[in-house]
Amino acid sequence: MEDILEKMDPEKRMALINAAMKEFGTNSFEKASTNVIVKEAGISKGLLYHYFTNKQAIYDYMVNFLLNRTMKDVLDHVDFENGDLLARIAGVTEYKLKLFLKYPGLLEFSKGLYASKTFDELKKIAEDMVPNFYQRFYQENVDYGLFKEGVEIQRALNITQWTVEKFAESMLVVWRSTGKLDVDHFKKELEQYLDMLKTNFYK
C-alpha cells in the first residue's frame, strides 16, 4: 500500500498512527471512533479525511503499517551472517521493543489483530507481504549444528520465542507504569535469559 501519510508533518503523522492503533486496539472496528482518534492525535477531522476516505481505509492503513514494521522491516534488522538462531530471535525482540516504545499503540493493535486470526491466517498474511518470510528467518544460513544432540529444535525455538517475547512485554509494562525504560539494562537482562537458553539447548 502506498504510504498516503508520507507528506504529513512527521509529528502529526506519528500522533495519528499512535491514536488510531490505540483506538482500534482497545475497541472492535465497529466501536472504534474517529472522533476519539482525532482528539487523541490533536488534529482536525478534516485533516483526517483529507488522507483517508473512511474508517475502513484508516484501519487498513494501520494493518499495513503494523505488518510492514513487524515483518518487512524485521528482515532488515536480521544479521543473516550470524548462524545463531537464538540470538537472531533475541535481536528481533529487541528491535520490536524499541518499535513499541516509539509507537505505544502498536502493542494493543497487534494483539487485537493477532487474537482475531489463526496462525495459518497470520502466516499467509506474512507470506503475502514478504514471500518466504518464515523460511528466510528460520532457515537462511542457520547453524543447526549448534544444538545439542536430542534437542527438539522446534520446541527449543518455541520456548525461546515465548521467553523473550514475554520478557519484552514485561519491560513494556514497566515502561508504562514508570514512564522510563533503560534499554541498555533490558539488553543485559535479555542476554542473561538467552545465555540460560543456550546452556540448555546448545552444545
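Guide: Let's start with the largest nonpolar core, which has 64 residues. A core here is a set of buried Ala, Val, Leu, Ile, Met, Phe, Trp, Tyr and Cys residues joined through side-chain atoms within 4.5 Å. Leu 16, Ile 17, Met 21, Phe 52 and Met 62 are the members that touch the most others. Helix α4 gives this core its largest share, 11 residues. (Helices are DSSP runs of H or I, at least four residues, numbered from the N terminus.)

Before we go on, this is a predicted model: local features need pLDDT of at least 70, side-chain atom pairs count only at pLDDT 80 or more, and totals for chains, interfaces and linings use all residues. Residues are numbered from 1 along each chain as its sequence is written, and side-chain values use heavy atoms, with hydrogens and water left out.

Now zoom in on Ile 17. Skip its neighbours within four places in sequence, and Ile 17 is still in contact (heavy atoms within 4.5 Å) with Leu 5, Tyr 61, Met 62, Phe 65 and Tyr 103. Met 62 turns up again here, having already been listed among the members of the core that touch the most others.

On to the charged side chains. The structure has 8 salt bridges, each a side-chain nitrogen of Lys or Arg within 4 Å of a carboxyl oxygen of Asp or Glu. One of them joins Asp 73 to Arg 69, at 2.6 Å from N to O. Both sit in helix α4, and because they are 4 residues apart, about one helical turn separates them. Asp 73 is buried (under 20% relative accessible area; exposed is over 50%, partly exposed in between, with a 1.4 Å probe and protein chains only), at 18%.

Another pair reaches much further along the chain. Lys 198 and Asp 84 form a salt bridge whose closest N and O atoms are 2.8 Å apart. These two link distant parts of the chain, 114 residues apart: Lys 198 belongs to helix α10 (residues 183-201), and Asp 84 to the loop between α4 and α5. Lys 198 is partly exposed at 23%, while Asp 84 is buried at 11%.

Last stop, helix α5. Lys 98 and Glu 94 both lie there, 4 residues apart, or about one turn. Their salt bridge has its closest N and O atoms 3.4 Å apart. Lys 98 is partly exposed, with a relative accessible area of 42%, but Glu 94 is buried at 16%.
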